[in-house]
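Try each task before you read its solution.

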Amino acid sequence: MFHSSLLTSDSSLLPEIMSEALQKAITLLSLIGLGLLLRSKFKHKEQTNGIKEMVLSVALPATIFIALMKIDVDAKLIVVPALTLVFNFFMYFAAPLAFPFFGIEKDTPMGRTLVMLLPSLAPGLSCFPFIAEFLGQESVAMAALGDVGNKFFVLIFLYVVAMNMFLKNTKTEETRMGDKIKSLLLNLVQEPINIIIISAAILLSFGVSFKTLPLIVQDVFDKTSAMMTPLVLIFIGVAVQLKQRKKRLIASLLIFRAGLTMLFSAGMIALLNITDPTMVLLATVIPLSSASFWPFAHISAFNSREDAQEIPKERRTFSVELAVLVMAFSLPFSTMLILGILSTGTFFAHTGTIAITGVILLALGLLPTLFGRKMVRLSKA
């Protein structure tokens with residue numbers, strides 16, 4: 001694994017590190033390929049959801065618990081979820097400014113759907129396995145703390161946003177907003193990952209570490225955690241959708257999102273004067289995580305209410321079909337991008353490299369759309 005000691009070691013070790021990275025990348029990609037081969041065995045959505053549930057409810061919580069229980073408690077770590085939350089809000093306000101370049105109106109089902117999805121993060125499926133493999137357990141713990149801020153954003157803030165969008169679009173009154181938010185907070189507390197984080201925090205506050213737990217408990221968590229990386233990669237191979245409408249537009253949007261994300265990371269790294277290579281890589285790859293499932297869940301909930309009201313599809317608050325498409329493309333795209341960055345060793349552990357890559361991705365995201373619109377105008381002339 002690429003622990004901090006390796007990342008900061010003498011340059012003579014770089015070829016050995018790069019060789020290890022290449023082998024690891026090939027192994028991980030082979031697991032994705034295995035998932036592709038198994039697609040015919042998973043013909044029903046419930047089957048693929050079963051794999052995802054195993055990851056989110058069993059393997060990932062175990063990995064996060066181990067990681068958190070092995071770190072030293074420091075009050076300064078509160079800055080980690082705070083920075084993730086800053087990123088969420090940055091993308092929430094910045095991404096819609098680019099919608100006109102893609103021919104998207106913000107106050108439409110497509111625009112509102114993208115406003116919900118683009119700022120959200122799902123590091124559990126698209127980022128944590130690779131952080132664990134390349135950067136070590138301490139880095140997973142830092143990433144898990146960062147996800148706390150993201151959870152607040154996607155579960156609470158985006159739900160309120162979705163509610164307001166729904167009420168404005170349907171012109172109906174909602175008298176039980178407090179009950180809805182209370183129910184949402186209850187679901188937040190009941191989620192396995194959050195239970196694990198809270199449990200770990202309580203144990204650490206009493207001076208309990210992973211090594212002081214009974215051996216049988218350690219063994220259960222170790223073996224459960226070992227399932228995470230293979231399950232995530234096989235799930236990606238099984239779930240990825242290769243044939244969808246509007247895939248060119250979605251691909252351009254995701255590339256643009258990645259470019260904007262890397263520019264944000266470069267700015268934060270420079271502003272906070274982060275120099276440790278591991279921390280630089282963490283600050284780069286966590287925001288590149290795929291779009292979260294939770295905004296999609298909010299979208300689906302309000303769409304069901306519009307189903308009951310028999311509202312025509314063109315007048316709906318959100319586009320469920322577009323949300324599914326974004327989710328389907330976002331996971332493999334983010335996975336490959338994060339895997340590619342971490343596989344290069346220390347190449348991306350420099351602010352300049354991150355910023356230049358961000359500019360290139362922005363251009364790759366915008367230029368095809370702008371060129372296509374120009375060609376349409378010329379054909380009409």
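**Exercise 1.** How many helices and how many strands are there in the protein chain?

*Solution.* This is a predicted model, where local features need pLDDT of at least 70, side-chain atom pairs count only at pLDDT 80 or more, and totals for chains, interfaces and linings use all residues. Residues are numbered from 1 along each chain as its sequence is written, and side-chain values use heavy atoms, without hydrogens and water. Now count. The chain has 17 helices and zero strands (DSSP runs numbered from the N terminus: helices are H or I, at least four residues; strands are E, at least two).

**Exercise 2.** Find what share of the chain is buried, then examine helix H5.

*Solution.* Buried means under 20% relative accessible area, with a 1.4 Å probe and protein chains only. Of the 381 residues, 50% are buried. Next, take H5, residues 109–117. Nine of its nine residues are buried, so H5 is largely enclosed by the rest of the structure. Among them are Arg112 and Met116. Last, list the partners. The buried residues of H5 pack against helices H4 (79–94), H8 (137–170), H13, H15 (293–308) and H16 (contact: heavy atoms within 4.5 Å).

**Exercise 3.** Which elements give two or more residues to the lining of the largest cavity?

*Solution.* Start with the lining: Leu254, Arg257, Ala258, Thr261, Pro287, Leu288, Ser330, Phe333, Ser334 and Leu337. Then assign elements. Helix H13 (247–271) and helix H16 (320–343) each give two or more. Finally, sort by type. Six lining residues are nonpolar, three polar and one charged.

How values were computed: On a 1 Å grid over the protein atoms alone, a cavity is a set of points where a 1.4 Å probe fits but cannot get out, and a pocket is an open set with protein on both sides within 12 Å along at least five of seven lines; lining residues have an atom within 4 Å of a point. Ala, Val, Leu, Ile, Met, Phe, Trp, Tyr, Cys and Pro count as nonpolar, Asp, Glu, Lys and Arg as charged, and the others, Gly among them, as polar.
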